[in-house]
Amino acid sequence: MLAAASMAASAHNFHMGIADISYNPRTGSTEIVHTYTGHDLAALLTNLYGRQFDLGRPDSEAPLRRYVEKQFTVTDKDGKSLPLQWVGAKVDADSIVIFQEIKGEKLTKGSRIHNALLIDFLPSQRNTVNVETDGTVKTLFFDQDSIDQIAP
């Protein structure tokens with residue numbers, strides 16, 4: 001039993017998140033879907049705001065949204081900030097899925113992605129972003145040494 005408890009405690013030493021960015025021709029918008037470990041985001045918000053957070057409660061969405069909108073941004077190849085609109089979030093026992101979109105815009109090569117989600121809180125956080133531009137998907141990796149990258 002002690003070995004099992006020790007394994008469980010060390011099972012979450014690596015922190016990661018994933019996002020998919022793709023253009024939806026039906027809506028004419030770029031869609032962004034983030035997936036992160038729920039308890040990592042809850043711990044971050046607790047640390048930021050000094051109170052416990054249950055991400056399944058409606059009163060947790062506004063602080064989560066403020067944090068995500070500060071830590072994840074996209075600019076076009078000319079440096080103009082692209083307006084990310086919050087669509088919502090879905091929470092389950094282990095993870096939180098966050099939905100955003102850039103209405104009426106197609107992400108192009110040369111756009112800059114800033115992804116510091118949880119990196120400011122967890123030194124080992126590593127975020128993967130799959131970016132679809134012109135029908136091809138490229139994967140970018142974000143960590144403490146690399147929070148700004150150019151879309152391929």
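View 1. Two strands are said to pair if DSSP finds at least two bridges between them, and the strands themselves (E, at least two residues), like the helices (H or I, at least four residues), are DSSP runs numbered from the N terminus. This is a predicted model, in which local features need pLDDT of at least 70 and side-chain atom pairs count only at pLDDT 80 or more, while totals for chains, interfaces and linings use all residues. Residues are numbered from 1 along each chain as its sequence is written, and side-chain values use heavy atoms, with hydrogens and water left out. The open sheet has six strands in the order 4-5-2-1-7-8, with mixed pairing. Strand 4 (85–91) and strand 8 stand at the edges with a single partner strand each, so one side of each has no neighbour in the sheet.

**View 2. Strand 1 beside strand 2.** Strands of a sheet pair through backbone hydrogen bonds, either parallel or antiparallel. Here strand 1 and strand 2 pair in the antiparallel sense over eight bridges, and serine 22 stands opposite glutamate 31 in strand 2.

**View 3. The largest nonpolar core.** A nonpolar core is a set of buried Ala, Val, Leu, Ile, Met, Phe, Trp, Tyr and Cys residues joined through side-chain atoms within 4.5 Å, where buried means under 20% relative accessible area, exposed over 50% and partly exposed in between (1.4 Å probe, protein chains only). The largest such core has 32 residues, of which Ile21, Leu41, Leu64, Phe72, Ile113 and Val131 touch the most other members. Helix 2 gives the most to this core, with four residues. Leaving aside residues up to four places away in sequence, leucine 41 touches Tyr36, Leu55, Leu64, Tyr67, Ile96, Ile98 and Leu118, contact meaning heavy atoms within 4.5 Å.

View 4. Rings of Phe, Tyr and Trp (its six-membered ring) pair if their centres lie within 6.5 Å, and planes under 30 degrees apart count as stacked, over 60 as edge-to-face and the rest as tilted. The structure holds one aromatic pair, formed by tyrosine 49 and phenylalanine 53, which is tilted, with 5.8 Å centre to centre and 55° between the planes. Tyrosine 49 is partly exposed, at a relative accessible area of 37%, whereas phenylalanine 53 is buried, at 9%. A charge sits over a ring if NZ of Lys or CZ of Arg is within 6 Å of the ring centre and within 35 degrees of the ring normal. Arginine 51 lies over the face of phenylalanine 53, at 4.0 Å from the ring centre, and lysine 106 lies over the face of tyrosine 23, at 5.2 Å from the ring centre.
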